Amino acid sequence: MSEKEIFDIVDEQGIPTGKTAVRAIAHEKGILHRTAHVWVIRRNGPEIQVLLQRRSAVKDSWPLCLDTSSAGHILTGDEPKESALRELAEELGIQAEPEDLKEAGTFRICFREMFHGRLFYDNEIAFLYVYDKPVKTEDLVLQEEEVIEAVWMDLAEAESRIEDGDPEICADLKSVRLLRKYLNEHPS
């Protein structure tokens with residue numbers, strides 16, 4: 001994570017406006033920008049498991065929480081899928097091909113919270129992808145400054161814990177519901 005990261009400012013549909021913002025300003029003022037999220041899943045009979053990453057203690061939001069498998073900002077000029085592929089490789093060491101990521105849709109993230117004594121204002125259009133190739137946690141190469149652990153959890157348990165407000169999980173409920181919708185439409 002770099003304070004020099006520059007994001008496209010986008011409209012409500014996630015389309016770049018031609019203007020940009022530096023990461024720090026985007027999160028200070030709540031400027032609408034884009035992120036790419038990937039749920040790594042595995043099927044265990046009728047059950048679906050999701051790979052959750054535990055964010056590092058130095059993350060500027062939700063430190064030490066369990067989160068979506070992989071996620072990151074879409075930098076100026078980049079496209080959502082290429083950003084999703086980059087984040088998957090950087091954070092987890094998964095070298096995926098573009099055809100390995102299935103588009104599940106978009107959702108909105110907007111919150112204001114205090115972390116490390118500073119206000120963090122997030123305002124994002126998130127592009128969600130699903131990755132269902134075999135993944136073993138022991139084969140992952142975690143990006144230490146971003147991710148300290150990766151664990152499998154039943155999707156139903158993760159969803160229930162998020163609905164109940166479990167402070168250990170910061171994955172967005174809209175993301176999980178969009179994943180569920182995708183899985184219902186693509187059962188195998």
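Reader: Does Gln143 count as buried or exposed, and why?

Author: This is a predicted model. A residue counts as buried when its relative accessible area is under 20%. Gln143 has a relative accessibility of 18%, so it counts as buried. Gln143 sits in the loop between E8 and strand E9 (147-154). Leaving aside residues up to four places away in sequence, Gln143 touches Glu90 and Glu91.

Reader: Which residues of helix H4 are buried?

Author: The general idea comes from helix geometry. An α-helix has 3.6 residues a turn, so residues three or four places apart point the same way. In H4, the buried residues are Ser175, Val176, Leu178, Leu179, Tyr182 and Leu183. Viewed down the axis of H4, these residues fall within an arc of 160 degrees, so they line one face of the helix. They pack against strands E3 (33-44), E4 (47-55), E7 (101-115) and E8 (118-131), and against helix H3 (155-163).

Reader: What span should the 13 residues of H4 have?

Author: At 1.5 Å a residue, H4 (residues 173-185) should span 18 Å, and its end C-alpha atoms are 18 Å apart, which agrees. At the start of H4, the backbone nitrogen of Lys174 has a side-chain oxygen of Asp172 within 2.7 Å.

Reader: How many residues line the largest pocket?

Author: The lining has 38 residues, and Arg55, Ser61, Asp67, Ala71 and Gly72 lie nearest the centre of the pocket. The space in this pocket is about 700 Å³. Elements that each supply at least two lining residues include helix H1 (23-29), strand E6 (70-73) and H4. Helix H2 gives the most, with four residues.

How values were computed
Residues are numbered from 1 along each chain as its sequence is written. This is a predicted model: local features need pLDDT of at least 70, side-chain atom pairs count only at pLDDT 80 or more; totals for chains, interfaces and linings use all residues. Side-chain values use heavy atoms; hydrogens and water are left out. The expected span of a helix is 1.5 Å times one less than its number of residues. Buried means under 20% relative accessible area, exposed over 50%, partly exposed in between (1.4 Å probe, protein chains only). The arc is that of the directions from the helix axis to the C-beta atoms. Contact means heavy atoms within 4.5 Å. A polar contact is a pair of N or O atoms within 3.5 Å; within protein, one must be able to donate a hydrogen and the other to accept it, and residues adjacent in sequence count only if both atoms are side-chain atoms. On a 1 Å grid over the protein atoms alone, a cavity is a set of points where a 1.4 Å probe fits but cannot get out, and a pocket is an open set with protein on both sides within 12 Å along at least five of seven lines; lining residues have an atom within 4 Å of a point. Grid points are joined across faces, edges and corners, and a volume is the space filled by probe spheres set on the points.
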